[in-house]
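Please read them alongside the sequence and the structure.

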Amino acid sequence: MGLGEPLRTVGGEWLRPAEPSQAAALYAAVDASREALAPWLPWCTARYTPASAEAFLAEATLEHRTLIFSSHDSTAVLGAVSLMPVDRYDEVWKLGYWVRADVQRRGLARRAAATLCQAAFAASAVQRVSILVAVGNAPSRRVAQALGAQQEGVLKSRLLLPSGRHDAAIYGLMPEALAEDLRP
Ligand SMILES: CC(C)(COP(=O)(O)OP(=O)(O)OC[C@H]1O[C@@H](n2cnc3c(N)ncnc32)[C@H](O)[C@@H]1OP(=O)(O)O)[C@@H](O)C(=O)NCCC(=O)NCCS
């Protein structure tokens, strides 16, 4: 399985590349999770509409954006995991993830993130993944740790969130450190 193709996690969920036909399902997942996502994801505001989901999926991008589904043919979105280039010369990418409110705390984020990172490492497209997390975002920090990422420091006032500016923990994940039990 390579980047750009559907990927199966160790838990049996599937990651499929984000595409315009998924807009309604993406909007439904975000809309059902607004309270849980809004403190940490600046794009999840009261102004997030079906058109926002359509625009996001129509955007041409270098990112590896995937949506999470419970099975290969399921159409209900469980969350998303993406890799965004931050430094293409040095092949450093940034990982992002969110999970629908009603299916959080089941290990979904770590399985999905590990699956995408593993595919990116295997394709030799990515040599190092950074994860930037507000210091108060305990669930996301747990996900970074579970993946095998190491905290490398705290960046002062690095993130602008709805509640204001926040310090952010920066994690680094190298191919060899990716948690064995999460590798597909
Ligand atoms: C962060 C997020 C993606 C995690 O998704 P998930 O599928 O629930 O993640 P996992 O089940 O793999 O792991 C969650 C971990 O957080 C822990 N956790 C959950 N809620 C918690 C809380 N309120 N306080 C402390 N820990 C918490 C869980 O116990 C688990 O850790 P454990 O392995 O030590 O038990 C999800 O909470 C989310 O979508 N948050 C909003 C968006 C966001 O913050 N994205 C990341 C931005 S950097």
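1. How far is an oxygen atom of the ligand from a polar backbone atom of Val 99? The separation is 2.9 Å. A polar contact here is a pair of N or O atoms within 3.5 Å; within protein, one must be able to donate a hydrogen and the other to accept it, and residues adjacent in sequence count only if both atoms are side-chain atoms.

2. On the basis of the note: this is a predicted model, in which local features need pLDDT of at least 70 and side-chain atom pairs count only at pLDDT 80 or more, while totals for chains, interfaces and linings use all residues. Residues are numbered from 1 along each chain as its sequence is written, and side-chain values use heavy atoms, with hydrogens and water left out.

3. An N or O atom in the side chain of Arg 142 lies 2.5 Å from a ligand oxygen, and for Arg 110 the corresponding distance is 2.8 Å. The protein covers 76% of the 950 Å² of accessible area that the ligand has on its own (Shrake-Rupley method, 1.4 Å probe; for residues, only the protein chains shown count as cover).

4. The ligand takes up the space of the largest pocket. A pocket is found on a 1 Å grid over the protein atoms alone, as an open set of points with protein on both sides within 12 Å along at least five of seven lines; a cavity is a set where a 1.4 Å probe fits but cannot get out, and lining residues have an atom within 4 Å of a point. A molecule sits in either one if more than half of its atoms lie within 2 Å of its grid points.

5. Elements that give two or more residues to the shell around the ligand are α2 (34-37), β5 (92-99), α4 (108-122) and α5 (138-147). The largest share comes from α5, with five residues. Helices (H or I, at least four residues) and strands (E, at least two) are DSSP runs, numbered from the N terminus.

6. The ligand is surrounded by 21 residues, the closest being Tyr 97, Arg 105, Gly 107, Asn 137 and Arg 142 (near means a heavy atom within 4 Å). By class, the shell has 13 nonpolar, four polar and four charged residues. Ala, Val, Leu, Ile, Met, Phe, Trp, Tyr, Cys and Pro count as nonpolar, Asp, Glu, Lys and Arg as charged, and the others, Gly among them, as polar.

7. Is Cys 117 buried or exposed? Cys 117, in helix α4, has a relative accessible area of 0% and is therefore buried. The cut-offs are under 20% for buried and over 50% for exposed, with partly exposed in between (1.4 Å probe, protein chains only).

8. Ser 33 sits in the loop between α1 (23-31) and α2, and is buried because its relative accessibility is 2%. A polar atom of the Ser 33 side chain lies 3.0 Å from the backbone nitrogen of Ala 101.

9. Two phi values deserve a check. Most residues other than glycine have a negative phi. Glu 91, in the loop between β4 (79-87) and β5, has a positive phi near 55°. Ser 157, in strand β7 (residues 150-161), has a positive phi of about 50°. Glu 91 is partly exposed at 29% relative accessibility, and Ser 157 is partly exposed at 33%.

10. Arg 106 belongs to the loop between β5 and α4. Arg 106 counts as exposed because its relative accessibility is 53%.
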